[in-house]
Amino acid sequence: MDNLFGFADDLGPAKIIHVYEPSVGLRGILVIDNVASGPSIGGLRIAPDVSVNECFRLARAMTLKNAAADLPHGGGKMVIYGDPKMPMQQKQLIIRAAADSLRNEESYIFGPDMGSNEECMAWVRDEIGRSVGLPTEMGGIPLDEIGATGWGVMHATELAMSYLGLDLNGARVVIQGFGSVGKHSARFLQEKGASIIAVNDSRGTVHNPQGLDLEALFELKRQGQSVADFEGGKSLERDAIIDIDCDIWIPAARPDVINESNVQRLNAKLVVQGANIPVTEGAEKYLYEHDILYVPDFIANAGGVICAAMEYRGSTKETAMAAIAEKVSNNTRRVLDISFNERVPPRVAAMKMSRARIKKAMSMRRWSLFSSAPHFL
């Protein structure tokens, strides 16, 4: 970008760091947004088409998410350019190099995200001792295995349905993206009586109005196949998932999947944002103006970072899951109350709540965006 300060506003970002090591093919970007509440926690994303803009937006989402969840952490994010399915040895070299290059950036704590996992966090821990989302053998709580984010998405969905006078039992759910967030959201929602009628992945969509057999789909994915190969439903093109009639539509993959060009195709009563920044600002405006309720990303999908923050302080899985249920439900209720009472979009309500907490933390610092205390506490 021509203007390096083009992203700057009253919340940050405090730092944008370019990370490069040609000997292993490392090209990455770290954005440390706002650490007034404490050192930032944010995932490490690996993808071929990441950008500074995406990294900044994700870091800002983490700032808002951590504040909304009342965590003693600010927001940050790292992206690395590359194929997330690259050979494991190559990935290990790149991630270890990234960790070493940022060994002095104590204001950032690595966490898992798309393209990275618990093993990757173990490599970071081994290099610099500063990561969350670790394997259980290293004292971690396995976020992906237990479905921490999906657990929070289910609670946000259940609470939001009550504002529509509807119940999860019997509700028809469509989930875009069938990775960790998508499949665990599906599992928890089905346990509450919802019917998962369509899911997709990068290769296609499968749709069954009578409900999909989730256990069979999980087994199919474990075998490396696409949901579009599933024989228990009708196979469709990947983006056909947007048009499917349902009660609840959950985006659980990449940014901006619902935007100004396709939001008119949605046929749902509720959109719960399981992914980070999956709906553009213009598309959210359309949803609000057409009485389609939505729960913003940093409210609905905070389960993962709540779990990570509690792991960082030695909590157990059971304690973390209870905290996720309480925090996500309470925050969803508070945001929707503000939205309904003040007649503002849910995003505006969520921003108002989070910004108030961030501004309060900033007011107690010598420097507004960051801390000068040891280890950024």
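**Figure 1. The largest nonpolar core of the predicted model.** This core holds 73 residues, in a model that is predicted. Those with the most contacts inside the core are Val199, Leu217, Ile248, Ile250, Val272 and Ile306. Helix H11, which covers residues 317-342, contributes eight residues, the largest share of this core.

**Figure 2. Surroundings of Leu217.** Leu217 is among the residues with the most contacts inside the largest core. With its neighbours within four places in sequence left aside, Leu217 touches Phe178, Val199, Val206, Leu212, Val227 and Phe230. Of these partners, Val199 is also listed among the residues with the most contacts in the core.

**Figure 3. Helix H10 and what covers it.** Is helix H10 enclosed or open? Nine of the ten residues in H10 (residues 303-312) are buried, so this helix is largely enclosed by the rest of the structure. The buried positions are Gly303, Gly304, Val305, Ile306, Cys307, Ala308, Ala309, Met310 and Glu311. Their cover includes strand E3 (40-47), helix H1 (52-68), helix H4 (143-146), helix H5 (148-163) and H11. Ile306, one of the buried residues of H10, is also among the residues with the most contacts inside the largest core. Just after the helix, Gly314 has a positive phi of about 85°.

Figure 4. His18 sits in strand E1, which runs over residues 15-21. With a relative accessibility of 65%, His18 counts as exposed. His18 and Met78 are separated by 60 residues in sequence and by 9.9 Å in space, C-alpha to C-alpha. In the segment before E1 lies Phe7, which at 14% relative accessibility counts as buried. The C-alpha atoms of Phe7 and Asp70 are 25 Å apart, for a sequence separation of 63 residues. Pro13 is also found in the segment before E1. The peptide bond that leads from Gly12 to Pro13 is cis, and its omega is near 0°.

Figure 5. Ile277 has a positive phi of about 40°. Ile277 is placed in the loop that links strand E11 (270-272) to helix H8 (281-289), and with a relative accessible area of 10% this residue is buried. For Asp291, phi is near 60°. Asp291 lies in the loop between H8 and strand E12 (293-295). At 70% relative accessibility, Asp291 counts as exposed.

**Figure 6. The whole chain, as context for the close-ups.** Twelve helices and twelve strands make up the secondary structure elements of the protein chain. The radius of gyration is 20 Å, close to the 21 Å that the globule rule gives for 377 residues, so the chain is as compact as a globular protein of that length. The C-alpha trace spans about 55 × 50 × 45 Å along its principal axes. Of the 377 residues, 57% count as buried. Among contacts between residues at least 6 apart in sequence, 66% join residues at least 24 apart. The chain exposes about 15900 Å², and carbon and sulfur atoms supply 50% of that area. The mean positions of its 40 positive and 46 negative charges lie 5 Å apart.

How values were computed
Residues are numbered from 1 along each chain as its sequence is written. This is a predicted model: local features need pLDDT of at least 70, side-chain atom pairs count only at pLDDT 80 or more; totals for chains, interfaces and linings use all residues. Side-chain values use heavy atoms; hydrogens and water are left out. Helices (H or I, at least four residues) and strands (E, at least two) are DSSP runs, numbered from the N terminus. The radius of gyration is taken over C-alpha atoms; the globule rule is 2.2 Å times the number of residues to the power 0.38. Buried means under 20% relative accessible area, exposed over 50%, partly exposed in between (1.4 Å probe, protein chains only). Contact means heavy atoms within 4.5 Å. Accessible areas come from the Shrake-Rupley method with a 1.4 Å probe; for residues, only the protein chains shown count as cover. Lys and Arg count as positive and Asp and Glu as negative; His and the chain ends are not counted. The place of a charge is taken as NZ of Lys, CZ of Arg, CG of Asp or CD of Glu. A nonpolar core is a set of buried Ala, Val, Leu, Ile, Met, Phe, Trp, Tyr and Cys residues joined through side-chain atoms within 4.5 Å.
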